[in-house]
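Subject: Structure handover

Hi,

Here is the structure I promised to pass on.

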Amino acid sequence: ESLDALVAVLAAQSPDGPSTRSFACYGSLPAADFSTVHLWDGPLNKVHELLLDNSGPYDFSPTNLWSADHGWFVWTDYDLQATKVSGGQPLIGALVSNPDLECISWEPPRR
């Protein structure tokens, strides 16, 4: 459910909507393969189909997901089950206001 909500927000904030060209990369541990690079290229609305319950080869959401125009970047930590999204303020605002997503704001400490 959270992946669907995240993809919906990313699509709404992307110029090409659900058909936004995206890349999904699976790290070695979630892909259960340490000898092959697992990089997918396709429309954002097809990301969910990468998951095993939808006939895809993976049990987890992508380790990294980003748009071809570099408008946003999603990083998911396999061990901690947390996701970090980088992007512009409109995207972050849309994520925070989505009732299906649990969000916290984080900024690096100033030195």
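Predicted model: local features only at pLDDT ≥ 70, side-chain atom pairs only at ≥ 80, totals over all residues.

Numbering starts from 1 along each chain as its sequence is written, and side-chain values use heavy atoms, with hydrogens and water left out.

Fold first. There are 3 helices and 5 strands (DSSP runs: H or I of at least four residues for helices, E of at least two for strands, numbered from the N terminus). Their order from the N terminus is α-β-α-β-β-β-β-α.

On burial, 35% of the 111 residues count as buried (under 20% relative accessible area; exposed is over 50%, partly exposed in between, with a 1.4 Å probe and protein chains only). The largest nonpolar core has 20 residues (buried Ala, Val, Leu, Ile, Met, Phe, Trp, Tyr and Cys joined through side-chain atoms within 4.5 Å). Its largest share, 7 residues, comes from α1. Leu 44 is among those with the most contacts inside the core, and its contacts (heavy atoms within 4.5 Å) include Leu 10, Leu 65 and Trp 72.

Now the largest pocket: about 1200 Å³ of space. A pocket here is an open set of points on a 1 Å grid over the protein atoms alone, where a 1.4 Å probe fits, with protein on both sides within 12 Å along at least five of seven lines; lining residues have an atom within 4 Å of a point. The volume is the space filled by probe spheres set on the points, which are joined across faces, edges and corners. Of the 34 lining residues, Ala 82, Thr 83, Lys 84, Val 85 and Glu 102 are the closest to the centre. β5 (82-87) gives the largest share of the lining, 6 residues.

Finally, two single residues. Asn 64 sits in strand β3 (residues 64-67) and counts as buried because its relative accessibility is 16%. Phe 34, in the loop between α2 (28-31) and β2 (38-43), counts as exposed at 66%.

Cheers

Definitions and conventions: Lists of a residue's contacts leave out its neighbours within four places in sequence.
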